[in-house]
Amino acid sequence: MTTTKTKITELLGIKYPILQGGMAWIAESTLAAAVSDAGGLGIIAGGSAPIDYLRDQIRKCKSLTDKPFGVNIMLMSPNADDLAQLVVEEKVPVVTTGAGNPSKYMPMWKEAGIKVIPVIPSVALAKRMERAGADAVVAEGTESGGHIGENTTMCLVPQVVDALEIPVIAAGGIADGRGIAASFMLGAEGVQLGTRFLAAEECQIHPTYKELVVDAKDTDSVVTGRYTGHPCRNVKTKFSKKLASGERDGSLTPDQFEELTLGSLRKAVQEGNLEEGSFLCGAIAGLVKKVEPAKDMIEEMFKEAEELLNK
Ligand code: TUI
């Protein structure tokens, strides 16, 4: 079995069937271009960025690589409409979406020839996306960092694979060749990784953030905010433990929780602020041991996956 010629490599015109997660505030042009140059699909996060910032990032990425790349549209962003239009104007080849249902943008994106890959946490949403014209989906398990659904990668991926005709990309809890090989065994045609790329040399997060990821062990992630309807997985820090206990013992109302976490991702990414920052990361952080170039990560992981699948 080969991991390097799949429906996803064909669809996207890339060498390795690996997407870099569209992590808000984190996934900017330097990281995206490095992943794309290495043969994966780098993704720039729209997050809730101003339109001028995203336009600049897209143009920077185009100047850094001639390979395909994508933009992630975070659907809860107040500027989602503007960012959705921008990717058309800038002729971005691939769009991934998160944190909502992108159906209303699909006709516009398909008309523009954009490959559309929604990130979904359930079979029901996956089916809706296929009907709406998605080219593939990312089935994202609860092991992922950031805003998450309930089902695990191991349970979600094969169920989504069985329910759809379009190819499925597995995400959540994958950080090495074993995770990639396992995803293929579940029927995925590609993988999306976020946490491993936090430790890429080209990832521009604060050194404190990288250190937290590289030093994390298996029990170092915690899910906060379930009671707000926006559960988020992050590294255990003084701040996230305070949020978790406030949620547990009722000393923080959901409104107070939302207020405390507003802007907290930026504080983690740019300032490495351990008092007020949310360091989003996946449950697989314990497997991420060193900072290295994205290209080395990708080549090593696919070599390992290929060896395992050919055993
Ligand atoms: O979107 C993510 N991960 C994220 S987004 C983010 S920024 C944020 N900040 C505050 C609150 C919420 C987000 C940080 N991490 N991953 C993809 C993902 N999408 N996970 C879950 C979903 C999802 C959830 C509901 C996708 C669709 C959906 O649809 C509900 C509906 O409208 O039917």
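Predicted model: local features only at pLDDT ≥ 70, side-chain atom pairs only at ≥ 80, totals over all residues.

Strands β10 (221-224) and β11 (residues 232-235) pair in the antiparallel sense over four bridges; strands count as paired if DSSP finds at least two bridges between them. Strands (E, at least two residues) and helices (H or I, at least four) are DSSP runs numbered from the N terminus. Residues are numbered from 1 along each chain as its sequence is written, and side-chain values use heavy atoms, without hydrogens and water.

The pair belongs to an open sheet of three strands in the order β7-β11-β10, with antiparallel pairing. Its edge strands, β7 and β10, each pair on one side only. Helix α11 (residues 238-249) lies across β10 and β11 and runs at about 45 degrees to β10 (axes are lines fitted to C-alpha atoms, for helices over the stretch in contact, with angles from 0 to 180 degrees between N-to-C directions; contact means heavy atoms within 4.5 Å).

The ligand is surrounded by 14 residues, each with a heavy atom within 4 Å of it. Nitrogen atoms of the ligand lie 3.0 Å from a backbone N or O atom of Ala99, 3.2 Å from a polar side-chain atom of Glu140 and 2.9 Å from a polar backbone atom of His147. The protein buries 71% of the 710 Å² that the ligand exposes when taken alone (Shrake-Rupley method, 1.4 Å probe).

Notes
Polar contact = N/O pair within 3.5 Å; in protein donor to acceptor, adjacent residues only side chain to side chain.
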